[in-house]
Amino acid sequence: MPTPPWPFPRVLAHRGGGTLAPENTIEAIEVGRAHGYRAVEFDATLAADGVAVLLHDDTLDRTTSGQGAVAARMSAELAALDAGAWHSPRFAGARVPRLDAVIRHCRTHGVWMNIELKPAPGAATLTGRVVAECTAHLFADAIVAGGDRAERINPAVPLFSSFERAAVDGARAAAPDIPRGYLLDTVPSNWQEELQALGCVALHTNHLHLTRALAQAIKEAGYWLFCYTVNDPARAEELLGWGVDAFCTDRIDLLFLV
């Protein structure tokens with residue numbers, strides 16, 4: 001049976017608002033919405049108390065007013081940090097949001113989510129499980145049995161992705177009916193074996209390392225193909241011509257919406 005068409009939006013705002021807003025904040029998602037985006041990619045990790053929050057790095061230094069390891073701070077401590085001033089004065093006072101708050105915000109405003117699992121070292125399985133449990137709880141009304149299979153997906157339900165194999169496994173064990181993608185910077189020769197083992201419906205990869213032939217092979221094998229981070233309109237057109245299903249972008253002010 002041929003793989004159904006990609007059921008989700010084809011262009012996602014990277015980390016919420018691309019370069020135009022402080023990444024992984026509700027403020028960023030609102031900037032994306034103001035530019036017409038109804039789909040976002042963002043990063044979820046765990047605070048010290050096991051609460052899922054949005055942050056990309058293992059440390060706080062780059063994108064918040066704090067310092068040190070994210071995993072060493074309680075979620076209440078993270079919520080007190082400024083996560084916007086580093087970007088620009090306009091966003092001073094933006095906070096590190098909890099995943100549950102972001103999911104509720106996105107559902108309220110009709111924004112689809114690609115949730116990337118970003119575990120701290122040694123916490124991959126736990127991160128996958130906690131993020132999946134939180135997501136499953138807030139989408140209990142939309143998840144269908146077998147919804148991780150291409151032919152059964154509800155396009156309202158988020159897609160999980162991760163570079164960490166154990167995080168994908170953890171999410172699968174906790175919420176098997178939510179679809180999954182495997183993130184790979186460079187696609188290895190055993191990519192199909194890996195996707196099968198993880199029960200993934202999509203391969204997510206760096207567009208800089210993708211070729212037309214590889215894209216064709218992935219599509220012919222029955223998988224969806226997602227690329228990061230595409231910021232040039234001409235390159236976006238080329239990738240779509242190769243059969244790439246979707247991509248995220250930092251240049252939400254440049255990339256067309258399809």
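**Entry 1: helix 4 against helix 5**

I began with helix 4 (124-138) and helix 5 (residues 165-174), whose axes lie 7 Å apart and pack at an angle of about 40 degrees. That angle makes helix 4 oblique to helix 5. My angle classes are these: under 35 degrees is roughly parallel, over 145 roughly antiparallel, 65 to 115 roughly perpendicular, and the rest oblique. The axes are lines fitted to C-alpha atoms, for helices over the stretch in contact, and angles run from 0 to 180 degrees between N-to-C directions. The crossing of the two helices is right-handed, a term for the near helix being turned clockwise from the far one by less than a right angle, with anticlockwise being left-handed.

Next I listed who touches whom, with contact meaning heavy atoms within 4.5 Å. Helix 4 brings Ala-124, Thr-125, Gly-128, Arg-129, Ala-132 and Glu-133, and helix 5 brings Ala-166, Ala-167, Gly-170, Ala-171 and Ala-174. By class, the contact residues are six nonpolar, three polar and two charged. Here Ala, Val, Leu, Ile, Met, Phe, Trp, Tyr, Cys and Pro count as nonpolar, Asp, Glu, Lys and Arg as charged, and the others, Gly among them, as polar.

A reminder to myself: this is a predicted model, where local features need pLDDT of at least 70 and side-chain atom pairs count only at pLDDT 80 or more, while totals for chains, interfaces and linings use all residues. Residues are numbered from 1 along each chain as its sequence is written, and side-chain values use heavy atoms, with hydrogens and water left out. Helices (H or I, at least four residues) and strands (E, at least two) are DSSP runs, numbered from the N terminus.

**Entry 2: the buried side of helix 5**

Which residues of helix 5 are buried? I found Ala-167, Val-168, Gly-170 and Ala-171. They share one side of helix 5, because they cover an arc of only 160 degrees around the axis. The arc is taken from the directions from the helix axis to the C-beta atoms. Buried means under 20% relative accessible area, exposed over 50%, and partly exposed in between (1.4 Å probe, protein chains only). An α-helix has 3.6 residues a turn, so residues three or four places apart point the same way.

The buried residues of helix 5 pack against strand 4 (112-117), helix 4, strand 5 (159-162), strand 6 (180-184) and helix 6 (191-198).

**Entry 3: on to helix 6**

The axes of helix 5 and helix 6 come within 10 Å and cross at roughly 30 degrees, so these two helices are roughly parallel. From helix 5, Arg-165, Val-168, Asp-169 and Arg-172 meet Glu-194, Ala-197 and Leu-198 of helix 6. I counted three nonpolar, no polar and four charged residues in this contact.

In helix 6 the buried residues are Trp-191, Glu-194, Leu-195 and Leu-198. They line one face of the helix, since they fall within an arc of 95 degrees seen down its axis. Glu-193 and Gln-196 are exposed on the other side. The cover over the buried residues includes helix 5, strand 6, strand 7 and helix 7 (212-220). Just after helix 6, I noted Gly-199 with a positive phi of about 65 degrees.

**Entry 4: Ala-202**

I then looked up Ala-202 in strand 7 (residues 202-206). Is Ala-202 buried or exposed? Ala-202 is buried, because its relative accessibility is 0%. Beyond neighbours within four places in sequence, Ala-202 contacts Arg-180, Gly-181, Tyr-182, Leu-195 and Trp-224.

In helix 3 (residues 99-109), I found Leu-99, Asp-100, Val-102, Ile-103, His-105 and Cys-106 buried. Their cover includes helix 1, strand 2 (39-46), strand 3 (52-54), strand 4 and helix 4. Asp-100 counts as buried at 17% relative accessibility. Leaving out neighbours within four places in sequence, Asp-100 is in contact with Cys-134 and Leu-138. Gly-110 follows helix 3 and has a positive phi, near 65 degrees.

Met-113 lies in strand 4 and is buried, with a relative accessible area of 1%. Not counting residues up to four places away in sequence, Met-113 touches Val-40, Phe-42, Ile-103, Cys-106, Phe-139, Pro-158 and Leu-159.
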